[in-house]
Amino acid sequence: MTLALDGVRKDNRHWLRLVNPRILGLLVAIVLAIGIFQSYNSSFLTLANILTLLQSMSALVILSMGLTFVILTGEIDLSVGSVFGLSPMVTALLWVHGVPMLAAVFIGLVLGCAIGLINGFIITRVDIPSFIVTLGTMNVVYGATLLISGASGVDPNYPASGHPVPHGEYQLFRGFAASQVVPNLSTQIWWFLGTAVVLWVLRHRTLFGFRLIAIGGSVDSARTARINVRRYLLIVFLLAGFFAALAGMLEFSFLGSTDPNAGQNLLFPAFAAVIVGGTSLNGGVGTIGGTVIGAVLLSILDNGLSLIGVGSYTQLIFIGGITITAVALDRWTTSRHQPGVYRA
C-alpha cells in the first residue's frame with residue numbers, strides 16, 4: 001500500500017513539473033476575470049460578445065506572436081505598431097491609384113519585411129542597441145504614414161484621391177478577413193488560429209526555435225556553439241515586420257478601410273501580452289502559447305471593463321499595473337535562479 005502511494009506521489013510530482021506555473025496562473029486569472037465580468041454584466045458570455053472578443057483580439061495576437069521572437073533573443077522592437085499602420089496604408093494608396101489589389105497587398109507585406117530587415121541590419125552591423133534603432137524607426141515609419149496619407153484614412157470605395165477600386169477586387173479583398181467559412185466566425189479569426197499553430201511549431205519543434213532560446217540565454221555561448229547570431233537576429237526582425245504588416249492588412253480587410261493611427265494603440269498591449277505571457281525581457285525564456293494566453297487575458301479585461309462601464313483611462317491603469325506586475329515576477333523568478341543578479 002505504501003509503495004502504491006509513493007508511486008502516486010511521484011507520478012503527481014512528474015505532472016506538476018510539466019505544468020508551467022505562469023501559464024496555470026494566467027488560466028486561473030482568465031477564469032476569475034470571466035466570472036467577475038459575467039456577474040456584473042450577463043451579456044459578457046453571450047455568443048455575440050465572445051465572437052466580438054475573438055475578432056477584436058486577432059490583430060493583437062498576430063502582432064504579439066511576431067514580437068515574441070524578437071524578445072526571445074533579448075532584443076526589442078518598438079516599430080511594430082507603426083508598421084501595422086504603414087503597410088495597409090501603402091496598399092490602400094497603391095490600390096486606389098490603379099495598382100492591382102494582389103500586387104498592392106504583396107508590396108505592403110514586403111514593405112513590412114523590409115523595415116524589419118533594416119532594423120536587424122542596423123542593430124547587427126552598426127551595433128546600435130535595438131531599443132534606440134526601433135525607437136527611431138517607429139517615429140520614421142509613423143511620420144511616413146501620416147505624410148503619404150495626409151493624416152487621413154483611406155476607404156478604397158470612397159477615396160479622397162484616386163479612383164474607387166473595382167467592385168470584384170474589393171469583395172475579394174474583404175473576403176480575406178471578413179468572410180465566414182464557418183457561420184459567425186470571420187476569416188480573420190482563422191488567420192490568427194492558423195498563424196498561432198505555425199509559429200508554435202516554429203518556436204517549439206524546430207532547430208530555429210531552440211537556437212533563438214540559446215541566443216537569448218547567452219549570446220557568447222551561442223557564438224561558441226557556432227550559431228550565426230547576426231543571421232538569426234535579421235530573421236527575427238524580419239518576422240516581426242512581416243507579422244505586423246500581416247496583422248495590419250487583415251484588420252484593413254476586415255474593416256474595409258485603413259487609418260494612419262491604426263497601430264499606435266496596439267504597441268503597448270502587444271508588449272504587455274508577450275511579457276504577461278511569460279516571455280522574459282532578458283531573452284531565452286518564452287512560449288507562443290504564453291503570448292496567446294496573455295493576449296486573451298488582456299482582451300478579456302479590455303472587453304469586460306468596457307461592458308461594465310469602466311472608462312478607457314482606467315483600463316490603461318489596469319493594463320499598466322498588470323504589465324509591471326508581470327515584469328516584477330519575471331525579475332523575481334530570474335533572481336531566484338541566479339542569486340545576486342539584480343542586487344546592487
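Where is the place of Asn282? In this predicted model, Asn282 sits in the loop between α12 and α13. With a relative accessibility of 33%, Asn282 counts as partly exposed.

Is Thr279 buried or exposed? Its relative accessible area is 1%, and buried means under 20%, so Thr279 is buried. The contacts of Thr279, leaving aside neighbours within four places in sequence, include Thr68, Ile71 and Leu72. Val274, Val285, Gly286, Thr287 and Thr291 are in contact with Thr279 as well.

Which residues of α2 are buried? They are Arg22, Ile23, Leu26, Ile30, Ala33 and Phe37. These residues cover an arc of only 95 degrees around the axis, and therefore they lie on the same side of α2. Pro21, Val31, Leu32 and Ser39, on the other side of α2, are exposed.

Next comes a pair of packed helices. Two such helices are described by the angle between their axes and the distance between the axes. For α9 (residues 207–217) and α11 (residues 229–255), the angle is about 110 degrees and the axes are 11 Å apart. An angle of 65 to 115 degrees counts as roughly perpendicular, so α9 and α11 are roughly perpendicular to each other. On the α9 side, Phe208, Arg211, Leu212 and Ile215 take part in the contact; on the α11 side, Val229, Tyr232, Ile235, Val236 and Leu239 meet them. Sorted by class, this contact of α9 with α11 has 8 nonpolar, no polar and 1 charged residues.

Two further loop residues deserve a look for their backbone angles. Asp127, in the loop between α5 (101–126) and α6 (130–149), has a positive phi of about 65 degrees although it is not a glycine. Its relative accessibility is 65%, so Asp127 counts as exposed. Arg226 lies in the loop between α10 (219–224) and α11. Phi of Arg226 is near 65 degrees, again a positive value in a residue other than glycine. Arg226 is exposed, with a relative accessible area of 79%.

How values were computed. Residues are numbered from 1 along each chain as its sequence is written. This is a predicted model: local features need pLDDT of at least 70, side-chain atom pairs count only at pLDDT 80 or more; totals for chains, interfaces and linings use all residues. Side-chain values use heavy atoms; hydrogens and water are left out. Axes are lines fitted to C-alpha atoms, for helices over the stretch in contact, and angles run from 0 to 180 degrees between N-to-C directions. Helices (H or I, at least four residues) and strands (E, at least two) are DSSP runs, numbered from the N terminus. Angles under 35 degrees count as roughly parallel, over 145 as roughly antiparallel, 65 to 115 as roughly perpendicular and the rest as oblique. Contact means heavy atoms within 4.5 Å. Ala, Val, Leu, Ile, Met, Phe, Trp, Tyr, Cys and Pro count as nonpolar, Asp, Glu, Lys and Arg as charged, and the others, Gly among them, as polar. Buried means under 20% relative accessible area, exposed over 50%, partly exposed in between (1.4 Å probe, protein chains only). The arc is that of the directions from the helix axis to the C-beta atoms.
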